[in-house]
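Please read them with the structure open.

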Amino acid sequence: MRRHLAARGERVADLARLLARSALDTNPVPDWDHVTKVDPEAAKKLPLLYPLWLSETDAVSVGGSADVTPENTAAAFDLLTPLSTPVCHEPSGADHVTKQSHEAADLLLVPEVLNGDSEALVGTLGAAVESVREDLAPALIDEKAPWLPGSVADWLANVATSALLADAAFEAYIVQNPDSAAAREAGVGSEDVLSPGEAKRRAMAADRHLESEILYLEYSGTFGDDEAVEALSRMDDALVRSRVWYGGGLSNGEDVQAVREAGADTVVVGDAFHRVAEREAEILQAAEERLDAGADPETIREWVDDRVAPDGPGARFLSTVPGVDDPLALACEYTGATVRAWLELRDRRERASERDEGIPVIDIQRTALRAALAPVVDDPDRLAATVARAALSGREEGVGDGSRGSEQLSLSLFDGGASH
Ligand SMILES: CC(C)=CCC/C(C)=C/CC/C(C)=C/CC/C(C)=C/COP(=O)(O)OP(=O)(O)O
Ligand SMILES: O=P(O)(O)OC[C@@H](O)CO
């Protein structure tokens, strides 16, 4: 009888939780399964056909804790805004939010670190709110309605600041790898790492008091394993509103499954994505030496299949995406398309140089690049032009049309080869 009652009590509790989490779900952050974090610093490269790989993820988040600047953030947004996938902005410095980032991002993610120094909890946030209220918002109002009287413009800037904060999603971070750049940035030392019970209690405070849209368990660079699973399991029953995100060291399906089963709503993958670009640079360099520009797709495909391994970066990244059934086959397909597109772009660039056109112009119509991108975005012309322009741009310069140069692609046509 007691067992029966206990079972009934559990069912009622489950139902209450379900109601609290679904019917009454007021959290504006979508319940994404998989987010890819793109670090804008130049050392973190993107695969040439990054839109293909990113078409598998539910959302992209632009941000990093070291060497991020307003300029490299803007350059990353230039590459990513033509994607059909939502793109979030996760600033780590007060000056990272600019007019351009504000216009480009679908969602602003605001980190607040629960186990770091007070700078990382509210200090940087305070500086950012001040800069939005006193600089960014007045500049936006002035641009849209320069004729408004000063007092009205000031009132509107106040309203705009509140709107920006109301639309943002706050991330309550628990930073658990003291050896990471994120921990250094947030003042988290080894003594600040939380036990699963402490993590749960701070998560409950963030959920119910701070009303954080996201509770982010962060092991940046290393997999949290049993300790992370334990913390997530404890949080799972305890939170009512926050989405639970896990990030750190994910590069295979088993680890993703473990943290999702423990209660992570969303997994975040960073390094495993950037490693795809590192391997790609090697493959493309080899392709330049071994394959003709006019090699047929079948020959390219066979050549690529010999070089893409089940434990290589492409298959590993894709194995972190729930719903990708055959990561190796997809990695071979995307790498094959990349080799084709790259050999063709190089060929077109060489011909343009032979014609001595000064700044080489590549017509993206009828290219393998455009054909590869067409199935994954709404506007393949714009995206193919963006990718070709980024591949053509030098390390520091644009291509003479006012666009910013990009240092992020795995390789550059400007210096005639892979950048590694
Ligand atoms: C614009 C508004 C309203 C607010 C922004 C307020 C800001 C910038 C808060 C940042 C506070 C801060 C310094 C957080 C540091 C922790 C952090 C952002 C970790 C995430 O870094 P990752 O990019 O995940 O780490 P890795 O670079 O190690 O991958
Ligand atoms: O780079 P990794 O280790 O995948 O970590 C992802 C993310 O949580 C970092 O903020």
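1. A word on terms before the strands. Two strands pair if DSSP finds at least two bridges between them. Strand E3 (residues 87–89) and E4 meet that with two bridges, in the parallel sense. Within this pair, cysteine 88 has leucine 107 of E4 as its bridge partner. Keep in mind that this is a predicted model.

2. Now the other neighbour of E4. How many bridges join E4 to strand E5 (residues 169–175)? Five, and the two strands run parallel. Leucine 109 has its bridge partner in E5, namely alanine 169.

3. Is strand E4 (residues 107–113) largely enclosed or open? Five of its seven residues are buried, so the rest of the structure largely encloses the strand. A residue counts as buried here if 20 or more other C-beta atoms lie within 10 Å of its own.

4. Step back to the whole sheet. Eight strands form a closed barrel, in the order E1-E2-E3-E4-E5-E6-E7-E8. The pairing is parallel. On average, neighbouring strands of this sheet are turned by 30° against each other, direction ignored. As background, strands of a sheet pair through backbone hydrogen bonds, either parallel or antiparallel.

5. Strand E1 (residues 34–38) pairs with strand E2 (residues 59–62) over four bridges, in the parallel sense. Valine 38 stands opposite valine 62 in E2.

6. Next, ligand 2. Which residues are closest to ligand 2? They are Ser220, Gly247, Val268, Gly270 and Asp271, out of 14 residues that surround the ligand. By class, the shell around ligand 2 has five nonpolar, six polar and three charged residues.

7. Domain 1 gives 29 residues to the contact, and domain 2 gives 26 residues.

8. What does the side of domain 1 that touches domain 2 consist of? The elements that give two or more residues are helix H2 (50–54), helix H10 (253–262), strand E8 (266–269) and helix H11 (271–290). The residues on this side of domain 1 divide into 15 nonpolar, eight polar and six charged.

Notes:
Residues are numbered from 1 along each chain as its sequence is written. Chains are lettered from A and ligands numbered from 1 in the order in which they are written. This is a predicted model: local features need pLDDT of at least 70, side-chain atom pairs count only at pLDDT 80 or more; totals for chains, interfaces and linings use all residues. Two residues are in contact if their C-beta atoms, placed from the backbone, lie within 7 Å. Ala, Val, Leu, Ile, Met, Phe, Trp, Tyr, Cys and Pro count as nonpolar, Asp, Glu, Lys and Arg as charged, and the others, Gly among them, as polar. A residue is near a molecule or strand if its C-beta atom, placed from the backbone, lies within 6 Å of it. A residue is buried if 20 or more other C-beta atoms lie within 10 Å of its own, exposed if 12 or fewer, and partly exposed in between; C-beta atoms are placed from the backbone. Axes are lines fitted to C-alpha atoms, for helices over the stretch in contact, and angles run from 0 to 180 degrees between N-to-C directions.
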